[in-house]
Amino acid sequence: MNYVDPQRPVRRRWALRLGALAIVAVVAYLSSICVGVVREAMRQEIHSADAIVVFGAAEYAGRPSPVYRARLDHTFDLFQSGVAPVVITTGGAAADPRFSEGGVGHDYLMRRGIPEPNLIAETTGSDTAQSAERIGVIMRANHMQSCIAVSDAYHVFRIRKLLEHQGMQVYVSPRPDSRPHSLWQRMEAVLREALSYIVWRVGM
């Protein structure tokens with residue numbers, strides 16, 4: 001005669017309930033992060049700071065990509081308005097070791113008219129998190145405590161969190177018209193940024 005544990009159905013129901021609660025909690029947390037990404041994307045915090053930090057995008061043989069150029073042009077306008085005395089460009093080298101995103105951004109802004117003493121290039125970060133760590137080192141070495149972060153709209157939520165983790169006071173200024181135009185692309189971009197932030201939090 002086979003013995004049937006009378007508690008098995010009870011334990012199974014509890015396991016299913018706990019699993020369902022865990023799924024609900026994960027979905028709720030992810031949703032809250034997505035809401036934060038969207039809210040940050042709508043901010044324009046034009047505020048006096050120690051530096052403007054512009055996050056790199058692709059460069060092509062020493063020329064900024066259209067996306068990166070738009071970020072740099074927005075940074076130039078902020079600098080010209082007098083909100084900060086220093087601009088920090090970020091981003092390491094990709095396939096071509098002769099050029100880095102930070103170096104290309106530095107040179108582009110210098111050609112546009114920002115004096116070289118007002119420019120600092122971070123040229124080793126291979127992703128947003130590494131660049132944020134390097135920015136923290138650079139800013140602390142130069143006795144800077146606050147910055148305006150420039151990137152695309154859905155990117156600035158994660159940038160704020162990364163730089164705040166480095167002890168910085170952070171304001172965000174997304175480049176204009178940087179949100180994707182289609183609803184599907186916006187949903188994809190928001191979810192990608194939310195998941196990237198969660199992966200960083202877990203790794204941290």
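The model is predicted: local features need pLDDT of at least 70, side-chain atom pairs count only at pLDDT 80 or more, and totals for chains, interfaces and linings use all residues. Residues are numbered from 1 along each chain as its sequence is written, and side-chain values use heavy atoms, with hydrogens and water left out.

**Aromatic pairs**
- The structure holds 2 aromatic pairs. Rings of Phe, Tyr and Trp (its six-membered ring) pair if their centres lie within 6.5 Å; planes under 30 degrees apart are stacked, over 60 edge-to-face, and the rest tilted.
- Phe157 and Tyr197 pair edge-to-face, at 5.2 Å centre to centre with 75 degrees between the planes.
- This pair links distant parts of the chain, 40 residues apart: Phe157 lies in helix H5 (residues 156-165) and Tyr197 in helix H6 (residues 183-203). Helices (H or I, at least four residues) are DSSP runs, numbered from the N terminus.
- Tyr197 also pairs with Trp200; this pair is tilted, at 5.9 Å centre to centre and 40 degrees between the planes.
- Tyr197 and Trp200 are 3 residues apart in helix H6, so about one helical turn separates them.
- Phe157, Tyr197 and Trp200 form one aromatic cluster.

**Burial**
- Phe157 counts as buried because its relative accessibility is 8%. Buried means under 20% relative accessible area (1.4 Å probe, protein chains only).
- Tyr197 is buried at 7%.
- Trp200 is buried as well.

**Charge over a ring**
- The charged end of Arg112 sits over the ring of Phe76, 3.9 Å from its centre. The criterion is NZ of Lys or CZ of Arg within 6 Å of the ring centre and within 35 degrees of the ring normal.

Note on methods. Helix = DSSP H or I, 4+ residues; strand = E, 2+ residues; numbered from the N terminus. Buried < 20%, exposed > 50% of the residue type's maximum accessible area, 1.4 Å probe, protein only.
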